[in-house]
Amino acid sequence: LLIVIIIVQTHTIYAQSNNYDEQIGECINKQDYFGMRKILNEHADKLSDFMLSLSKSLEGNHFNRPLQAIQYIPVLLERYQNLIQPSPIPMVVMLAENYALTGNYKAAVSIYESLIKQLSDQGASTSEYTETINRYKAFSDIPPQKMLLEKTTTIPLKIDYVGLTTIPVTINGRTSDFVFDTGAGFSVLSEEYAKEMGVKILETNTGAIDAIGNIVQMKFGIADKLILGDAVFENVTFLIMPDKIAWKEIPGYEIEGIIGMHLMFAMKEVHVTRGESITIPKEINRYNKSNMLLMNLMPNVQAVSGKDTLILKFDSGSVNDNLNAKYFNNHKDYILKKAQRDTIKSGSAGGMKEGIEVYALKDFPLEIGGKKTIIPRLNVQTSPVNQDSSIADGLIGQSFIRAFDKMIINFVDMYI
(Lines give C-alpha, C1' and ligand atoms only; values in the text may rest on other atoms or scores of the structure.)
Protein backbone atom coordinates (compact mmCIF):
# COMPACT_ATOMS: atom_id res chain seq x y z
CA LEU A 1 0.00 0.00 0.00
CA LEU A 2 2.84 2.42 0.78
CA ILE A 3 4.26 1.98 -2.69
CA VAL A 4 0.90 2.79 -4.28
CA ILE A 5 0.64 6.00 -2.26
CA ILE A 6 4.13 7.03 -3.31
CA ILE A 7 3.36 6.47 -6.96
CA VAL A 8 0.06 8.36 -6.90
CA GLN A 9 1.56 11.46 -5.31
CA THR A 10 4.73 11.43 -7.35
CA HIS A 11 2.96 10.99 -10.65
CA THR A 12 0.30 13.56 -9.96
CA ILE A 13 2.62 16.29 -8.75
CA TYR A 14 5.94 15.76 -10.46
CA ALA A 15 5.61 13.72 -13.65
CA GLN A 16 6.39 15.64 -16.79
CA SER A 17 3.54 16.47 -19.15
CA ASN A 18 4.10 13.32 -21.20
CA ASN A 19 1.29 11.13 -22.52
CA TYR A 20 3.22 7.91 -21.98
CA ASP A 21 4.25 9.03 -18.49
CA GLU A 22 0.57 9.53 -17.74
CA GLN A 23 -0.44 6.17 -19.20
CA ILE A 24 2.21 4.20 -17.36
CA GLY A 25 1.53 6.18 -14.19
CA GLU A 26 -2.13 5.17 -14.35
CA CYS A 27 -1.15 1.51 -14.74
CA ILE A 28 1.19 1.72 -11.75
CA ASN A 29 -1.47 3.52 -9.74
CA LYS A 30 -3.88 0.61 -10.37
CA GLN A 31 -1.12 -1.96 -9.80
CA ASP A 32 -1.66 -3.08 -13.38
CA TYR A 33 1.89 -4.29 -13.84
CA PHE A 34 1.08 -6.18 -17.04
CA GLY A 35 -0.18 -2.93 -18.57
CA MET A 36 2.83 -1.08 -17.18
CA ARG A 37 5.17 -3.59 -18.75
CA LYS A 38 3.48 -3.37 -22.16
CA ILE A 39 3.95 0.41 -22.28
CA LEU A 40 7.51 0.05 -21.00
CA ASN A 41 8.40 -2.47 -23.72
CA GLU A 42 6.83 -0.42 -26.50
CA HIS A 43 7.62 3.16 -25.48
CA ALA A 44 10.60 3.16 -23.10
CA ASP A 45 12.35 5.81 -25.21
CA LYS A 46 9.42 8.20 -24.72
CA LEU A 47 9.32 8.00 -20.92
CA SER A 48 10.91 10.57 -18.63
CA ASP A 49 13.99 9.37 -16.77
CA PHE A 50 12.02 9.27 -13.52
CA MET A 51 9.16 7.15 -14.88
CA LEU A 52 11.59 4.90 -16.74
CA SER A 53 13.58 4.26 -13.56
CA LEU A 54 10.41 3.68 -11.55
CA SER A 55 8.90 1.31 -14.15
CA LYS A 56 12.15 -0.62 -14.57
CA SER A 57 12.41 -0.99 -10.78
CA LEU A 58 8.87 -2.33 -10.51
CA GLU A 59 9.28 -4.60 -13.53
CA GLY A 60 12.40 -6.13 -11.99
CA ASN A 61 10.67 -6.61 -8.67
CA HIS A 62 7.42 -8.14 -9.96
CA PHE A 63 8.71 -10.16 -12.92
CA ASN A 64 11.55 -11.98 -11.17
CA ARG A 65 14.36 -9.83 -12.51
CA PRO A 66 16.12 -8.96 -9.27
CA LEU A 67 19.33 -7.77 -10.97
CA GLN A 68 17.29 -5.23 -12.93
CA ALA A 69 15.61 -4.00 -9.74
CA ILE A 70 19.02 -3.75 -8.08
CA GLN A 71 20.24 -1.64 -11.04
CA TYR A 72 17.35 0.84 -11.16
CA ILE A 73 16.19 1.31 -7.56
CA PRO A 74 19.44 3.09 -6.56
CA VAL A 75 18.89 5.45 -9.50
CA LEU A 76 15.50 6.36 -8.06
CA LEU A 77 16.92 6.84 -4.58
CA GLU A 78 19.90 8.87 -5.82
CA ARG A 79 18.21 11.17 -8.31
CA TYR A 80 14.60 11.34 -7.21
CA GLN A 81 14.45 10.67 -3.48
CA ASN A 82 12.80 14.06 -2.95
CA LEU A 83 10.04 13.02 -5.37
CA ILE A 84 9.27 9.80 -3.55
CA GLN A 85 6.56 10.92 -1.16
CA PRO A 86 5.58 10.41 1.57
CA SER A 87 8.64 8.16 2.10
CA PRO A 88 11.33 6.34 0.11
CA ILE A 89 11.32 3.48 2.64
CA PRO A 90 9.29 1.02 0.49
CA MET A 91 11.82 1.36 -2.32
CA VAL A 92 14.69 0.77 0.13
CA VAL A 93 12.96 -2.37 1.39
CA MET A 94 12.35 -3.50 -2.20
CA LEU A 95 16.07 -3.10 -2.92
CA ALA A 96 17.02 -5.20 0.10
CA GLU A 97 14.55 -7.94 -0.82
CA ASN A 98 15.88 -8.18 -4.36
CA TYR A 99 19.42 -8.55 -3.05
CA ALA A 100 18.14 -11.38 -0.83
CA LEU A 101 16.50 -13.02 -3.84
CA THR A 102 19.90 -13.21 -5.56
CA GLY A 103 21.38 -14.85 -2.46
CA ASN A 104 23.34 -11.75 -1.48
CA TYR A 105 22.04 -11.71 2.09
CA LYS A 106 24.96 -9.59 3.32
CA ALA A 107 23.89 -6.73 1.07
CA ALA A 108 20.29 -7.12 2.23
CA VAL A 109 21.41 -7.01 5.87
CA SER A 110 23.55 -3.92 5.23
CA ILE A 111 20.60 -2.08 3.68
CA TYR A 112 18.25 -3.02 6.51
CA GLU A 113 20.83 -2.04 9.15
CA SER A 114 21.26 1.36 7.52
CA LEU A 115 17.48 1.81 7.35
CA ILE A 116 17.00 0.78 10.97
CA LYS A 117 19.74 3.18 12.12
CA GLN A 118 18.15 6.09 10.28
CA LEU A 119 14.71 5.29 11.67
CA SER A 120 16.09 4.88 15.20
CA ASP A 121 17.86 8.24 14.96
CA GLN A 122 14.49 9.76 14.05
CA GLY A 123 12.77 8.00 16.96
CA ALA A 124 10.65 5.91 14.58
CA SER A 125 9.66 2.27 15.12
CA THR A 126 11.83 -0.42 13.53
CA SER A 127 10.05 -3.53 14.86
CA GLU A 128 8.55 -4.51 11.50
CA TYR A 129 12.04 -5.12 10.09
CA THR A 130 13.42 -7.16 13.00
CA GLU A 131 12.23 -10.60 11.85
CA THR A 132 13.45 -10.04 8.29
CA ILE A 133 16.92 -8.87 9.24
CA ASN A 134 17.31 -11.79 11.68
CA ARG A 135 16.49 -14.19 8.84
CA TYR A 136 19.00 -12.64 6.47
CA LYS A 137 21.70 -12.43 9.14
CA ALA A 138 21.28 -16.16 9.69
CA PHE A 139 21.92 -16.79 5.97
CA SER A 140 24.52 -14.05 5.41
CA ASP A 141 27.56 -16.39 5.41
CA ILE A 142 25.90 -18.97 3.15
CA PRO A 143 26.92 -18.96 -0.56
CA PRO A 144 24.06 -18.33 -3.02
CA GLN A 145 21.82 -21.26 -3.82
CA LYS A 146 22.42 -22.88 -7.21
CA MET A 147 21.29 -25.84 -9.31
CA LEU A 148 23.60 -28.29 -11.09
CA LEU A 149 21.79 -29.97 -13.98
CA GLU A 150 23.63 -31.83 -16.74
CA LYS A 151 20.54 -33.18 -18.50
CA THR A 152 16.76 -32.91 -18.38
CA THR A 153 15.41 -34.80 -15.40
CA THR A 154 11.93 -36.19 -14.77
CA ILE A 155 10.77 -36.81 -11.20
CA PRO A 156 7.75 -39.01 -10.43
CA LEU A 157 5.01 -37.24 -8.49
CA LYS A 158 2.37 -38.51 -6.12
CA ILE A 159 -0.96 -37.02 -5.09
CA ASP A 160 -1.19 -37.33 -1.31
CA TYR A 161 -4.18 -38.05 0.91
CA VAL A 162 -5.61 -34.51 0.76
CA GLY A 163 -4.82 -33.93 -2.93
CA LEU A 164 -1.46 -32.12 -2.83
CA THR A 165 1.37 -32.84 -5.30
CA THR A 166 4.49 -34.35 -3.72
CA ILE A 167 7.87 -35.32 -5.19
CA PRO A 168 10.77 -37.31 -3.68
CA VAL A 169 13.55 -35.15 -2.23
CA THR A 170 16.88 -36.58 -1.06
CA ILE A 171 19.08 -34.89 1.55
CA ASN A 172 22.13 -36.67 2.98
CA GLY A 173 20.91 -40.01 1.62
CA ARG A 174 17.44 -39.79 3.16
CA THR A 175 14.49 -39.48 0.78
CA SER A 176 11.12 -37.97 1.71
CA ASP A 177 8.10 -36.76 -0.23
CA PHE A 178 7.88 -32.95 -0.20
CA VAL A 179 4.87 -30.88 -1.27
CA PHE A 180 5.50 -28.81 -4.41
CA ASP A 181 4.08 -25.49 -3.23
CA THR A 182 4.18 -22.28 -5.27
CA GLY A 183 2.33 -20.59 -2.40
CA ALA A 184 5.36 -20.94 -0.08
CA GLY A 185 8.07 -18.30 -0.41
CA PHE A 186 10.65 -20.46 1.36
CA SER A 187 11.04 -24.22 1.57
CA VAL A 188 9.91 -25.63 4.92
CA LEU A 189 10.81 -28.58 7.16
CA SER A 190 9.67 -29.58 10.60
CA GLU A 191 12.46 -29.64 13.18
CA GLU A 192 12.07 -33.41 13.60
CA TYR A 193 12.47 -34.14 9.88
CA ALA A 194 15.30 -31.59 9.59
CA LYS A 195 17.27 -33.48 12.24
CA GLU A 196 16.51 -36.84 10.61
CA MET A 197 17.72 -35.54 7.22
CA GLY A 198 20.85 -33.94 8.62
CA VAL A 199 19.86 -30.37 7.79
CA LYS A 200 21.94 -27.86 9.75
CA ILE A 201 19.61 -25.96 12.10
CA LEU A 202 20.52 -22.40 13.00
CA GLU A 203 19.42 -21.14 16.39
CA THR A 204 18.13 -17.77 15.20
CA ASN A 205 14.34 -17.57 15.55
CA THR A 206 11.79 -15.73 13.47
CA GLY A 207 8.03 -15.29 13.53
CA ALA A 208 6.16 -16.29 10.39
CA ILE A 209 2.49 -16.34 9.41
CA ASP A 210 1.33 -19.72 8.13
CA ALA A 211 -1.23 -20.33 5.37
CA ILE A 212 -4.23 -19.97 7.68
CA GLY A 213 -3.06 -16.85 9.49
CA ASN A 214 -1.40 -18.32 12.60
CA ILE A 215 1.90 -16.84 13.85
CA VAL A 216 4.49 -19.60 14.20
CA GLN A 217 7.99 -19.26 15.70
CA MET A 218 10.51 -20.84 13.34
CA LYS A 219 14.23 -21.45 13.07
CA PHE A 220 16.34 -21.56 9.94
CA GLY A 221 18.10 -24.46 8.28
CA ILE A 222 20.68 -25.08 5.56
CA ALA A 223 21.05 -28.18 3.40
CA ASP A 224 24.45 -28.33 1.70
CA LYS A 225 22.94 -30.50 -1.04
CA LEU A 226 19.41 -31.43 -2.04
CA ILE A 227 18.69 -33.87 -4.86
CA LEU A 228 15.62 -33.94 -7.14
CA GLY A 229 16.01 -36.64 -9.79
CA ASP A 230 19.27 -35.77 -11.55
CA ALA A 231 19.20 -32.15 -10.37
CA VAL A 232 21.50 -31.21 -7.50
CA PHE A 233 20.84 -28.03 -5.51
CA GLU A 234 23.49 -26.51 -3.27
CA ASN A 235 23.09 -24.23 -0.24
CA VAL A 236 19.34 -24.69 0.08
CA THR A 237 17.71 -22.58 2.79
CA PHE A 238 14.76 -23.73 4.91
CA LEU A 239 12.37 -22.37 7.47
CA ILE A 240 12.24 -24.91 10.30
CA MET A 241 8.91 -25.37 12.07
CA PRO A 242 8.96 -26.52 15.71
CA ASP A 243 6.30 -29.18 15.13
CA LYS A 244 5.43 -31.52 12.33
CA ILE A 245 3.51 -29.92 9.47
CA ALA A 246 0.15 -31.56 10.17
CA TRP A 247 -3.56 -30.96 9.84
CA LYS A 248 -5.20 -31.60 13.20
CA GLU A 249 -8.48 -32.07 11.32
CA ILE A 250 -7.06 -35.23 9.68
CA PRO A 251 -5.46 -37.47 12.34
CA GLY A 252 -2.23 -39.04 11.19
CA TYR A 253 -1.77 -36.78 8.14
CA GLU A 254 1.60 -35.05 8.02
CA ILE A 255 3.65 -33.16 5.46
CA GLU A 256 7.31 -34.13 5.57
CA GLY A 257 8.55 -31.00 3.83
CA ILE A 258 7.64 -28.22 1.41
CA ILE A 259 9.48 -27.03 -1.71
CA GLY A 260 8.94 -23.28 -1.96
CA MET A 261 9.54 -20.53 -4.48
CA HIS A 262 13.17 -19.80 -3.56
CA LEU A 263 14.09 -23.32 -4.69
CA MET A 264 11.78 -23.19 -7.73
CA PHE A 265 13.48 -20.03 -8.99
CA ALA A 266 16.70 -22.05 -9.27
CA MET A 267 14.85 -24.63 -11.44
CA LYS A 268 13.95 -21.86 -13.93
CA GLU A 269 11.20 -23.98 -15.51
CA VAL A 270 9.14 -27.05 -14.64
CA HIS A 271 6.77 -29.21 -16.69
CA VAL A 272 3.93 -30.82 -14.73
CA THR A 273 2.47 -33.91 -16.41
CA ARG A 274 -0.90 -34.68 -14.84
CA GLY A 275 -0.72 -37.47 -12.29
CA GLU A 276 2.70 -38.61 -13.46
CA SER A 277 5.74 -36.37 -13.10
CA ILE A 278 7.48 -33.03 -12.79
CA THR A 279 10.28 -32.38 -15.29
CA ILE A 280 13.12 -29.88 -14.96
CA PRO A 281 14.43 -29.25 -18.50
CA LYS A 282 18.07 -28.65 -19.32
CA GLU A 283 17.02 -25.99 -21.85
CA ILE A 284 14.05 -23.79 -21.02
CA ASN A 285 11.35 -22.60 -23.42
CA ARG A 286 11.80 -18.86 -23.99
CA TYR A 287 8.64 -16.81 -24.50
CA ASN A 288 8.32 -13.05 -24.84
CA LYS A 289 4.86 -12.68 -23.29
CA SER A 290 4.46 -12.96 -19.53
CA ASN A 291 1.20 -13.86 -17.85
CA MET A 292 2.62 -14.33 -14.35
CA LEU A 293 4.05 -11.87 -11.83
CA LEU A 294 5.14 -11.91 -8.21
CA MET A 295 3.51 -10.21 -5.24
CA ASN A 296 5.63 -10.88 -2.12
CA LEU A 297 6.96 -14.05 -3.82
CA MET A 298 3.42 -15.33 -4.51
CA PRO A 299 2.87 -16.00 -8.24
CA ASN A 300 -0.17 -14.17 -9.62
CA VAL A 301 -1.48 -15.23 -13.04
CA GLN A 302 -3.41 -13.20 -15.59
CA ALA A 303 -6.53 -15.08 -16.72
CA VAL A 304 -9.63 -14.47 -18.82
CA SER A 305 -13.18 -15.52 -17.96
CA GLY A 306 -15.85 -14.28 -20.33
CA LYS A 307 -15.37 -10.52 -20.63
CA ASP A 308 -13.31 -10.31 -17.42
CA THR A 309 -9.54 -10.18 -17.18
CA LEU A 310 -8.66 -11.57 -13.77
CA ILE A 311 -5.53 -11.76 -11.61
CA LEU A 312 -5.41 -15.05 -9.69
CA LYS A 313 -2.90 -16.19 -7.11
CA PHE A 314 -1.27 -19.43 -8.28
CA ASP A 315 -0.82 -21.69 -5.26
CA SER A 316 -0.03 -25.33 -6.02
CA GLY A 317 -0.15 -25.97 -2.28
CA SER A 318 -3.90 -25.32 -2.22
CA VAL A 319 -6.61 -27.93 -2.78
CA ASN A 320 -9.29 -25.27 -3.20
CA ASP A 321 -9.76 -22.83 -6.08
CA ASN A 322 -11.66 -19.69 -5.18
CA LEU A 323 -12.70 -16.19 -6.11
CA ASN A 324 -12.43 -13.64 -3.33
CA ALA A 325 -14.55 -10.89 -1.84
CA LYS A 326 -13.27 -8.43 -4.44
CA TYR A 327 -14.74 -10.57 -7.22
CA PHE A 328 -17.95 -11.10 -5.23
CA ASN A 329 -18.48 -7.35 -4.80
CA ASN A 330 -17.88 -6.72 -8.51
CA HIS A 331 -20.27 -9.50 -9.63
CA LYS A 332 -22.70 -9.65 -6.74
CA ASP A 333 -25.97 -9.74 -8.70
CA TYR A 334 -24.74 -12.51 -11.01
CA ILE A 335 -23.39 -14.63 -8.14
CA LEU A 336 -26.53 -14.30 -6.03
CA LYS A 337 -28.56 -15.44 -9.03
CA LYS A 338 -26.36 -18.30 -10.28
CA ALA A 339 -24.46 -19.66 -7.29
CA GLN A 340 -25.44 -21.78 -4.31
CA ARG A 341 -24.56 -20.72 -0.78
CA ASP A 342 -22.33 -23.08 1.21
CA THR A 343 -19.96 -23.28 4.19
CA ILE A 344 -16.64 -24.99 3.53
CA LYS A 345 -13.26 -25.95 4.91
CA SER A 346 -10.30 -24.51 3.04
CA GLY A 347 -7.03 -26.45 3.01
CA SER A 348 -3.48 -25.78 1.87
CA ALA A 349 -0.01 -27.05 2.73
CA GLY A 350 -0.10 -24.76 5.77
CA GLY A 351 -3.25 -26.20 7.30
CA MET A 352 -7.01 -26.00 7.16
CA LYS A 353 -9.52 -23.30 8.04
CA GLU A 354 -13.16 -24.10 8.75
CA GLY A 355 -16.44 -22.22 8.59
CA ILE A 356 -15.78 -20.15 5.47
CA GLU A 357 -19.00 -18.88 3.91
CA VAL A 358 -18.98 -19.02 0.12
CA TYR A 359 -21.15 -19.15 -2.96
CA ALA A 360 -20.37 -22.16 -5.17
CA LEU A 361 -20.16 -21.34 -8.90
CA LYS A 362 -20.39 -24.39 -11.15
CA ASP A 363 -18.57 -24.87 -14.47
CA PHE A 364 -16.53 -21.66 -14.38
CA PRO A 365 -14.78 -20.93 -17.73
CA LEU A 366 -11.13 -19.94 -17.49
CA GLU A 367 -8.44 -19.20 -20.06
CA ILE A 368 -4.75 -18.88 -19.20
CA GLY A 369 -1.88 -18.78 -21.66
CA GLY A 370 -4.30 -19.20 -24.58
CA LYS A 371 -5.60 -22.51 -23.19
CA LYS A 372 -9.21 -22.86 -22.08
CA THR A 373 -10.67 -25.07 -19.40
CA ILE A 374 -13.75 -25.38 -17.21
CA ILE A 375 -13.33 -25.41 -13.44
CA PRO A 376 -16.14 -27.69 -12.15
CA ARG A 377 -16.61 -25.68 -8.95
CA LEU A 378 -15.19 -22.35 -7.86
CA ASN A 379 -15.99 -21.05 -4.38
CA VAL A 380 -16.68 -17.32 -4.16
CA GLN A 381 -15.80 -15.83 -0.77
CA THR A 382 -18.02 -13.06 0.54
CA SER A 383 -15.50 -11.53 2.97
CA PRO A 384 -11.69 -11.24 3.02
CA VAL A 385 -9.78 -14.33 4.20
CA ASN A 386 -6.30 -13.90 5.71
CA GLN A 387 -4.27 -11.27 3.80
CA ASP A 388 -5.79 -11.07 0.32
CA SER A 389 -3.51 -9.52 -2.29
CA SER A 390 -4.92 -6.15 -3.26
CA ILE A 391 -4.60 -7.00 -6.97
CA ALA A 392 -5.89 -10.60 -6.89
CA ASP A 393 -9.44 -11.68 -7.72
CA GLY A 394 -8.97 -15.16 -6.32
CA LEU A 395 -6.74 -18.24 -6.21
CA ILE A 396 -6.13 -21.27 -8.39
CA GLY A 397 -4.43 -24.41 -7.16
CA GLN A 398 -4.52 -28.16 -7.65
CA SER A 399 -7.87 -28.30 -9.48
CA PHE A 400 -6.53 -25.92 -12.10
CA ILE A 401 -3.23 -27.78 -12.51
CA ARG A 402 -5.00 -31.11 -13.00
CA ALA A 403 -7.31 -29.62 -15.63
CA PHE A 404 -4.47 -29.96 -18.17
CA ASP A 405 -2.49 -32.95 -19.41
CA LYS A 406 0.70 -30.91 -19.22
CA MET A 407 1.55 -27.50 -17.79
CA ILE A 408 4.76 -25.48 -18.25
CA ILE A 409 5.62 -23.08 -15.43
CA ASN A 410 8.48 -20.76 -16.39
CA PHE A 411 10.11 -18.58 -13.74
CA VAL A 412 12.48 -16.75 -16.13
CA ASP A 413 10.04 -15.27 -18.64
CA MET A 414 7.26 -15.61 -16.04
CA TYR A 415 4.51 -17.52 -17.79
CA ILE A 416 2.26 -20.55 -17.56
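Reader: Which residues of S2 make up its covered face, and which its uncovered one?

Author: The model is predicted, so local features are described where pLDDT is at least 70 and side-chain atom pairs count only at pLDDT 80 or more, while totals for chains, interfaces and linings use all residues. Residues are numbered from 1 along each chain as its sequence is written, and side-chain values use heavy atoms, leaving out hydrogens and water. Strands, in the sense used here, are DSSP runs of E with at least two residues, and helices are runs of H or I with at least four, numbered from the N terminus. In S2, Thr153 and Ile155 lie on the covered face, whereas Thr154 and Pro156 lie on the uncovered one.

Reader: In what order do the strands of the open sheet lie, and which are its edge strands?

Author: Strands of a sheet pair through backbone hydrogen bonds, in a parallel or an antiparallel sense. Two strands count as paired if DSSP finds at least two bridges between them. Here 4 strands form an open sheet in the order S2-S14-S13-S23, with antiparallel pairing. The edges are S2 (153-156) and S23 (406-410), each of which pairs on one side only, and the twist averages 20 degrees from one strand to the next.

Reader: How many bridges join S2 to S14, and how many join S13 to S23?

Author: S2 and S14 are antiparallel over 4 bridges, and Pro156 stands opposite Ser277 in S14. S13 and S23 are joined by 5 bridges, again antiparallel, with Glu269 opposite Asn410 in S23.

Reader: What lies between S13 and S14 in their hairpin?

Author: The hairpin has 3 residues between its strands, and Gly275 in the turn has a positive phi of about 70 degrees. Strand S13 (residues 269-273) and strand S14 (residues 277-280) pair over 3 bridges; Val272 stands opposite Ile278, and Thr273 stands opposite Ser277.

Reader: Why is S13 described as largely enclosed by the rest of the structure?

Author: Buried means under 20% relative accessible area, exposed means over 50%, and partly exposed lies in between, with a 1.4 Å probe and protein chains only. In S13, 4 of the 5 residues are buried, so this strand is largely enclosed by the rest of the structure.

Reader: At what angle do helices H3 and H4 pack?

Author: Axes are lines fitted to C-alpha atoms, for helices over the stretch in contact, and angles run from 0 to 180 degrees between N-to-C directions. Helix H3 (residues 33-43) and helix H4 (residues 49-62) pack at about 125 degrees, their axes 10 Å apart. Angles under 35 degrees count as roughly parallel, over 145 as roughly antiparallel, 65 to 115 as roughly perpendicular and the rest as oblique; H3 and H4 are therefore oblique to each other.

Reader: Which residues of H3 meet H4?

Author: Contact means heavy atoms within 4.5 Å. Tyr33, Met36, Arg37, Leu40 and Asn41 of H3 meet residues of H4, including Leu52, Leu58 and His62.

Reader: Where is Ile116 found, and is this residue buried or exposed?

Author: Ile116 belongs to helix H7 and is buried, with a relative accessible area of 19%. Leaving aside residues up to four places away in sequence, Ile116 touches Thr126, Tyr129 and Ile133. The C-alpha atoms of Ile116 and Thr126 are separated by 5.9 Å, although these residues are 10 apart along the chain. Helix H7 (residues 105-121) packs against helix H8 (residues 130-139) at about 145 degrees, with axes 9 Å apart.
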